[in-house]
Structures are given as structure tokens and as C-alpha cells.
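Hello,

Here is the structure I promised to pass on to you. Have a look at it first, and my notes follow below.

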Amino acid sequence: MAHDCIIEAQGLVKTYPGADRPAVAGIDLRIKKGAFYGVLGPNGAGKTTTLSICSGLMRPDSGLLDIAGLDIRKDLTEIKGIIGLVPQETAVYPTLTARENLLYFGAMQGLSGDRLKTRVDYCLDVARLTPLADKRVETFSGGLKRRLSLVAGLIHEPKILFLDEPTVGIDPQSRLFIYESLKKMNSSGMTIVYTSHYMEEVETLCAEISIIDRGVIIAEGRVDDMVIRHSGSVIEVRLNAPPPEALRQKVSALPHVSGALFDAKTFTVKSAKPQQTIGDIMRLMEESNLNILSLCHGGLSLEKLFISLTGAKLRE
Ligand SMILES: Nc1ncnc2c1ncn2[C@@H]1O[C@H](COP(=O)(O)OP(=O)(O)OP(=O)(O)O)[C@@H](O)[C@H]1O
Ligand SMILES: [Mg+2]
């Protein structure tokens, strides 16, 4: 393992029983110690499966996984002690209080006595749940449950924290609160692996990301580099009216165009020769009596990049 990597995965493959294609189809990951790493992908891309494998919840059918110099096949117990997982579905017990939940998760991680009590108090404080510590979780809002679920993953002071879409369905305040807490933990040395489909949060939180689709990584690296590297090939066109089907087909069939995505009056085209494609698009629109309101080439946001690479829109 490269000395600066805390997570190194090679060729991870996982097919669920009865599935016709692998959920994870050969994923390699190299995540540096202390990184705030993002994993992006549309629904069903394989984010949760990848995280489940990397956090030792699920065994891959094949592939190698090295976490902090430990081999997942041999050192699972030790690995579980240094990683924390905040799952996509909040896994807290509704009939227990916040404190009881944390006591339970702490005990499951092998904590006891004063150390357990100190950690529970610390986690309640981090989640700003101290005043609600002895209320049953079923009385909590979605955002409060998320905050509790987040600190439940932290109870044993893991070196690496995996978070699976931790801010879905919560109000902006709790979301901001989660960002700030994670940034703090990251700057004090915790490695964070964060899956999301919110582009803005990944752009602000993570310096490095992987974009996965259909179980494989389709782009990987520093966010800035990636946007620069890929945006040169993408053209976005806004029209005064929705393009008719025949025109959509003509656009998709233009030379050098490898993908086109239409959305009402806007479409995005990926081209190996963007200058030529821009000319072709202008000509097609003129022939069809459609007006171009704007035409952008380059300067892509991560969101546009994601769409152009995966052909998928974001959720919500
Ligand atoms: N327990 C399971 N049994 C069978 N198939 C599964 C199971 N879990 C996931 N899958 C399938 O595996 C693929 C990858 O799923 P996964 O949950 O890893 O994707 P994801 O990127 O986390 O999606 P989402 O954004 O919806 O959470 C999907 O096609 C999904 O239907
Ligand atoms: Mg998922």
C-alpha cells in the first residue's frame, strides 16, 4: 500500500444473489489519510454497496481491500475498531432515548465504564442533543434522528468515517451543522468518505471525488482538475422552445457527438470536436427556426459534469 493511502481498494466486485449485473463491477479506490473524499453517483450506481464493502459490512465477491495497512480478509475485527459508518437509512432505535441509543452503540463497539459515559456525553454535545438526551427517539424530527445517527457512528473515535448520504431529507440548518461538524473532525485528522448526490456539498466539502455509475468509476480525481479536464468537451444550449423529436435525433447523430441529454428547452451535448459541433448545432437550429438563447462551452459546474458523464439527472 502506498504510504499516504489509508484506504486502498483494488478490483472490488459484488453481485447480489439473483441480480443480472454486478452492483459493483471492479472498483479501485485510493484514499489518502486525512482526506475528505466524495463518492458521487446516481441512484443505483453502487455507492452504498461500495461503502458497505469498504466498511467491512459486506464481503466483496473478489478484490483486495486494505484499510490502514490491515487486510479486510484477515483483520476485520481490528478494522471495525478504527472505522465508523453512518448508514443511508438512519439506524437508531425509536423506542430508546438518544442517550440509550449511544450507550448501546458504544457497548457494541466494546466501550464500557467511564470511557463509555464520557463518549456518550461528548457525542450528545457534538450533535447538540444534550437537552434532548433522555427523550425517546420516536419523538425526534428527521434532522434530529440524522444527527444522532451521525454521532452513533463516531462513538468509538474512529480514524475513518464513512457517511452514506447523511444530509438527505433534512432541513438546511441541520445540514449546515453536519457540514461544520465534519469539517472540524476532518481538520483534526479524521479521514472522511462521503457519498452524496448533492453537487454543491461535494464541491465545497471534498477536494477529491470519484463519480460512479453502474458499478464502475467513470471519473476520479481532484474536483478542480476534473471539471477542467472534462468541461472542454461539453456544450450546453438553451432554446426559446423545446426541440421537436426529429431535431433531438439530428443533434444526437451529429459527427463527434458521443452523448446528448435533453431537458425541456435545454440540452447538453458531449463532443470530441466541440468547435465543429457548435457550428453544426447553430446550423440545425437555424434550419428548424429555433432561437438559441444561450450557448455555453466549458466552465461546467460539477453538476453539469455529472450529468454529462452519467447521462443521469440528480434526484429531487
Ligand atoms: N440487498 C440487495 N439485493 C439485491 N440488489 C441490491 C441490493 N442492494 C442494492 N442492490 C442493487 O445493486 C445496485 C447498486 O445499489 P446501491 O444501493 O449500492 O446503489 P446506490 O448508489 O447506493 O443508490 P442510491 O443512490 O439509491 O442509494 C442497484 O442496482 C440496486 O438495485
Ligand atoms: Mg445508496
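Let me begin with His 156, which touches Lys 80, Gly 81, Ile 83, Gly 84, Gln 109, Leu 111 and Arg 115, leaving out residues up to four places away in sequence. Please keep in mind that this is a predicted model. His 156 sits in the loop that runs between α5 (142-152) and β7 (160-164). Its side chain comes to 2.7 Å from the backbone oxygen of Ile 83. His 156 counts as buried because its relative accessibility is 9%, and buried means under 20%.

Next, the ligand. There are 14 residues around ligand 1, and Asn 43, Gly 44, Lys 47, Thr 48 and Thr 49 come nearest. By type, the shell around ligand 1 consists of four nonpolar, six polar and four charged residues. Oxygen atoms of ligand 1 also have polar side-chain atoms beside them: one of Lys 47 at 2.7 Å, an N or O atom of Asn 43 at 2.8 Å, and one of Glu 165 at 3.3 Å. On its own, ligand 1 has 630 Å² of accessible area, and the protein covers 62% of that.

Finally, a word on Gly 11, which belongs to strand β1 (residues 5-14). Apart from neighbours within four places in sequence, Gly 11 is in contact with Gly 26, Ile 27, Asp 28, Ser 62 and Gly 63. Pro 60 is 49 residues away from Gly 11 along the chain, yet their C-alpha atoms are 9.5 Å apart. With a relative accessible area of 28%, Gly 11 is partly exposed.

Enjoy exploring it!

Best wishes

Note on methods
Residues numbered from 1 in each chain as written. Chains lettered and ligands numbered in written order. Predicted model: local features only at pLDDT ≥ 70, side-chain atom pairs only at ≥ 80, totals over all residues. Heavy atoms only, no water. Helix = DSSP H or I, 4+ residues; strand = E, 2+ residues; numbered from the N terminus. Buried < 20%, exposed > 50% of the residue type's maximum accessible area, 1.4 Å probe, protein only. Contact = heavy atoms within 4.5 Å. Polar contact = N/O pair within 3.5 Å; in protein donor to acceptor, adjacent residues only side chain to side chain. Near = heavy atom within 4 Å. Areas by Shrake-Rupley, 256 points an atom, 1.4 Å probe, with all protein chains shown as cover. Nonpolar A, V, L, I, M, F, W, Y, C, P; charged D, E, K, R; others polar.
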